[in-house]
Amino acid sequence: TRSAHSNAYMYGFGNNKRIVLYDTLLKQASLDQIVAILGHELGHWKMGHTLKNLIFTKVHLFCFFYLFGFATNSEIMFSSFGFDPVAKPPVIGLLL
């Protein structure tokens, strides 16, 4: 099914960057609005938001998995919730 939702986005790296404007956006917006939206998307390219967001996501995932590994192997965590800290059941580690 087709949506009436209008959208625009930029994607890609290096020489393979693209800006996508949905056809619904082109039908619903005036020329001045389309120029403003295109300028907004070009601003994402100029400011390097794709690369910055990629780096931020990688750092965030590393921190999350590091803390997850720390929490699932923590004897203090298991014993504070009343579980055997030596056995460390994997299912309980996932739930904590």
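Among contacts in the protein chain (heavy atoms within 4.5 Å) between residues at least 6 apart in sequence, 21% join residues at least 24 apart. The model is predicted: local features need pLDDT of at least 70 and side-chain atom pairs count only at pLDDT 80 or more, whereas totals for chains, interfaces and linings use all residues. Residues are numbered from 1 along each chain as its sequence is written, and side-chain values use heavy atoms, with hydrogens and water left out.

The secondary structure comprises 5 helices and 2 strands, taken as DSSP runs numbered from the N terminus (helices H or I, at least four residues; strands E, at least two). From the N terminus on, the order of elements is β-β-α-α-α-α-α. The C-alpha trace spans about 65 × 35 × 20 Å along its principal axes.

The chain exposes about 7700 Å², of which carbon and sulfur atoms supply 67%; accessible areas come from the Shrake-Rupley method with a 1.4 Å probe, and for residues only the protein chains shown count as cover.

L51 lies in helix α3 (residues 49-72) and is partly exposed, with a relative accessible area of 47%.

Technical notes
Buried < 20%, exposed > 50% of the residue type's maximum accessible area, 1.4 Å probe, protein only.
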